[in-house]
Amino acid sequence: MKYLFLVGIIILAGGLFAWQMQAPTTSTSQQEETSPFDSDTPVVGTVTDENPTPSQGSSADVTATVPSTPPATQGTGTAPQAITRSVLATHNTQKDCWVAYKGVVYDITNWLPRHPGSAGAIAPYCGTADEFTAAFNKKHGTKQENRLMREGVNEGAYAQ
Amino acid sequence: MTSYGLLIIRLGLSGVLLWFGAQQLIDPLSWVGYVPDIATTTLLVDAKTLVLMNGAAEVAFGLLLLLGLFTRISATVMGVHLALIALSLGLTAVGVRDWGLAFGFLGLALTGPGHWSLDNIVR
């Protein structure tokens, strides 16, 4: 009798697994499946348009430097400007958290609540590049690079 | 009262498993971020499939614990499972919480299901 229950539960769980394996991806999850490097990745905008800072408009602040990793924006007709340190620094809260890693700026706001080590572990490094990179490498080495790139939204190149 | 205590512990722990298992089955892509890269590379299974497999297993073990069926075995497997997760997370808020759950499962494995269980009723 016990084994009948067991078999029933295994069949039920297996059926759920098989059913979901064949189910199409839900719309709410579609963005997460999309690579942050795809051409249609949403981009917040240029540095000066949406993120005013005291140094806005400074030629020294917004550079044309293009790091080794290309930004996500494509097909807009104009090359996106690199995101500067001062602009990056404005996204320094848990509700608006950008970090720079190896020349690319990632928006990890939506990932923060799901960070296994808690959002609070990353929050101090929101809006930073060197500090985040150092903490990330110290904690994860390079093991979690792919996850960062998968979970973060590529906002563009980082102008160091 | 011990039998009621064990029932509450069992129901609570099975509820945790059923909730997390169902969430993983309903929206697996929200959970792929938790899958360690080493799991996908060594098992040669993509992250979504791993999440679904894990979700199905947690639902199955959750139901077993809910019914009090093969309780000791189920609780042991889930205790080790949670301990491995907690170990991978380290001493973080989530990691410590998972250690607590793991010890709860292992404690249940040692005590057994109690009076109010199919293990006790169906021989």
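A residue is called buried if 20 or more other C-beta atoms lie within 10 Å of its own, exposed if 12 or fewer, and partly exposed in between, with C-beta atoms placed from the backbone. Helices (H or I, at least four residues) and strands (E, at least two) are DSSP runs, numbered from the N terminus. This is a predicted model, in which local features need pLDDT of at least 70 and side-chain atom pairs count only at pLDDT 80 or more, while totals for chains, interfaces and linings use all residues. Residues are numbered from 1 along each chain as its sequence is written, and chains are lettered from A and ligands numbered from 1 in the order in which they are written.

**Helix α1 of chain A**

In α1(A), the buried residues are Ile9(A), Ala13(A) and Phe17(A). They lie on the same side of the helix because they cover an arc of only 70° around the axis, the arc being that of the directions from the helix axis to the C-beta atoms. Exposed residues on the other side of α1(A) include Tyr3(A), Val7(A), Ile11(A) and Trp19(A). The cover over the buried residues of α1(A) includes α3 of chain B. The helix has 21 residues and reaches 31 Å from its first C-alpha to its last, close to the expected 30 Å at 1.5 Å a residue; the expected span is 1.5 Å times one less than the number of residues.

**Core and contact between the chains**

A nonpolar core is a set of buried Ala, Val, Leu, Ile, Met, Phe, Trp, Tyr and Cys residues joined through C-beta atoms within 7 Å. The largest one has 32 residues, and Val51(B), Ala56(B), Ala60(B), Leu64(B) and Phe105(B) have the most contacts inside it. At least two residues each come from α1 of chain A and from α1, α3, α4 and α5 of chain B. Of these, α3(B) gives the most, with 12 residues. Ala56(B) touches Ala13(A), Gly14(A), Leu16(A), Phe17(A) and Leu25(B), leaving aside residues up to four places away in sequence; contact means C-beta atoms, placed from the backbone, within 7 Å. A second, separate core of 22 residues includes Leu88(A), Val104(A), Ala129(A) and Ala157(A).

The contact between the chains takes 28 residues from chain A and 26 residues from chain B. On the side of chain B that touches chain A, α3(B) supplies the largest share, 10 residues.

**The sheet of chain A**

Chain A has seven helices and five strands. Its five strands form an open sheet of mixed pairing in the order β1-β5-β4-β3-β2. Strands β1 and β2 stand at the edges with a single partner strand each, so one side of each is left without a neighbour in the sheet. Two strands count as paired if DSSP finds at least two bridges between them.

| Pair | Sense | Bridges |
|---|---|---|
| β1(A) and β5(A) | parallel | two bridges |
| β4(A) and β5(A) | antiparallel | four bridges |
| β3(A) and β4(A) | antiparallel | four bridges |

Ile83(A) stands opposite Tyr158(A) in β5(A). Asp107(A) faces Val153(A) in β5(A), and Trp98(A) stands opposite Asp107(A) in β4(A). Strand β5(A), residues 153–159, is mostly covered, with seven of its seven residues buried. Of the 160 residues of chain A, 26% count as buried.

Conventions:
Contact = placed C-beta atoms within 7 Å.
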